[in-house]
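Student: Could you walk me through this protein chain? I'd like to learn how to read it step by step.

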Amino acid sequence: NPGKILAGELMRGVGGILMNHEGERFCNELGTRAYVVDKMFGHDQQYAKTKTWKVDTEIPTFSLVLSASAAEGAQKHVDHYLNKGLLTRIEGLDALANWMKLPVATVKAYLLEYQRDAKKGKDAWGKVTFNGVPQKDLSSEVFYAGTVTPVLHYCMGGLTIDQDGNVLNESKEIIPGLHAAGEVSGGVHGDNRLGGNSLLECTVFGTIVGKKIPIKPRNSIQSNNLQQGGGGAADKPAELRNISTDELQHHNTEDDCWVVIHGLVYDLTDFVDEHPAGPESITELAGKDGTEEFQAVHGENILEDFDPIGTFVPV
Ligand SMILES: Cc1cc2nc3c(=O)[nH]c(=O)nc-3n(C[C@H](O)[C@H](O)[C@H](O)COP(=O)(O)OP(=O)(O)OC[C@H]3O[C@@H](n4cnc5c(N)ncnc54)[C@H](O)[C@@H]3O)c2cc1C
Ligand code: HEM
């Protein structure tokens, strides 16, 4: 949903308080994402009974409220969300109640209860760590508040794989030649994924699978140019023949596309259709010196995969 952005868990970690439309807290804000979402969805009676969310039910929203000291612990995030208009800076309890569209006395009562719980070191949901608790005088506290809602963040299900990234069928047998890595696979994280572990999964299984699959070279130009007698520029520059301006200009179409880069001539005819940015950016340079255009977007190391067919001699 383009209108939403992920509210980092840090926001709850530094002391963000979650409140519902009545101003009540309803969970230990330091619980897992799945736990907090369950408590959010639990506001719906049907879900509370069945633990199943009906797709056509309106997704509930809640207030995330940070004190000034809590916000300090997540300053970069807070500034970012303020810039995007997703958090609002609010001075004093009255203005906060106004923002929440609730009576001042209601919001005050729940915040005072939170302060008492923090002093006791425990609340009704088992929260025992209280960071960034709003200061005693709520009327002079600066709050940062925003609206939050559950979103689908990661898909826990997926293809069953073994430790080598082979995809398994329903009988847990390897499907030959089919490999998977990343979110498309399921089961790696058990019932609930730990924060940060998805990218770890991508790199671990991506590496395992990548190592066992022989990857062919991306372009066919190397062998093509070798067949024509061209050698690697770096290895055997002496063997390259001279190519004049006149000869170069004859190879100026997409079906016969020679381009000069850094004084060497490349036959890119077979490569143009493989160019990730599209063929046009190369065919426009057919029969010409394309060094300037090439340099504007590419480093020279890209040319290591290409063998020149000659040395450009501009006559
Ligand atoms: C807002 C947000 C924040 C996150 N933050 C974190 C975090 O901090 N740490 C963490 O570990 N994880 C995080 N995750 C989860 C993590 O980013 C993803 O699980 C991970 O990027 C998945 O990578 P992937 O390569 O497996 O899949 P994807 O990145 O989804 O790649 C799948 C690719 O396949 C392409 N594709 C789909 N269908 C086809 C098709 N039919 N043909 C060809 N291509 C196709 C898609 O276009 C896509 O490019 C976050 C996720 C979200 C949404
Ligand atoms: C003239 C000779 C050129 C050659 C041999 C060439 C070669 C390549 C190669 C090999 C890649 C893939 C790089 C990789 O995946 O690591 C690439 C990507 C790309 N090239 Fe070129 N290129 C040429 C000219 C140009 C020009 C003139 C432009 C722009 C006007 C351009 C724009 C791009 C872009 C934007 C990508 C990245 C596309 C993506 O990330 O999907 N290239 N090129």
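Predicted model: local features only at pLDDT ≥ 70, side-chain atom pairs only at ≥ 80, totals over all residues.

Student: Is N166 buried or exposed?
Tutor: Look at its relative accessibility, which is 11%. Buried means under 20%. So N166 counts as buried.

Student: How far apart are the C-alpha atoms of N166 and A181?
Tutor: Along the chain, N166 and A181 are 15 residues apart.

Student: What kind of aromatic pair do F26 and F62 form?
Tutor: Searching the whole structure turns up six aromatic pairs. For F26 and F62, the rings are 4.8 Å centre to centre, with 45 degrees between the planes. Planes under 30 degrees apart count as stacked and over 60 as edge-to-face, so this pair is tilted.

Student: Which parts of the chain does that pair link?
Tutor: The two residues are 36 apart, so to speak, in distant parts of the chain. F62 belongs to strand β2 (residues 62–66), while F26 is in the loop between β1 (17–19) and α2 (33–41).

Student: Which residues do ring pairs link into a cluster?
Tutor: Here you're looking for rings joined through pairs. The cluster's members are F41, Y47 and W53.

Student: Where does D270 lie, and how does its accessibility count?
Tutor: D270 is in the loop between β12 (264–267) and α11 (280–283). It is also one of the residues forming a negative surface patch, including E254 and D255. Its relative accessibility is 38%, so D270 counts as partly exposed.

Key:
Residues numbered from 1 in each chain as written. Chains lettered and ligands numbered in written order. Heavy atoms only, no water. Patch = residues over 30% accessible without salt bridge, like charges linked within 9 Å, V, L, I, M, F, W, Y side chains within 5 Å. Areas by Shrake-Rupley, 256 points an atom, 1.4 Å probe, with all protein chains shown as cover. Salt bridge = Lys/Arg side-chain N within 4 Å of Asp/Glu carboxyl O. Lys, Arg positive; Asp, Glu negative; His and termini not counted. Charge placed at Lys NZ, Arg CZ, Asp CG, Glu CD. Helix = DSSP H or I, 4+ residues; strand = E, 2+ residues; numbered from the N terminus. Buried < 20%, exposed > 50% of the residue type's maximum accessible area, 1.4 Å probe, protein only. Phe/Tyr/Trp six-rings, centres within 6.5 Å; stacked < 30°, edge-to-face > 60°.
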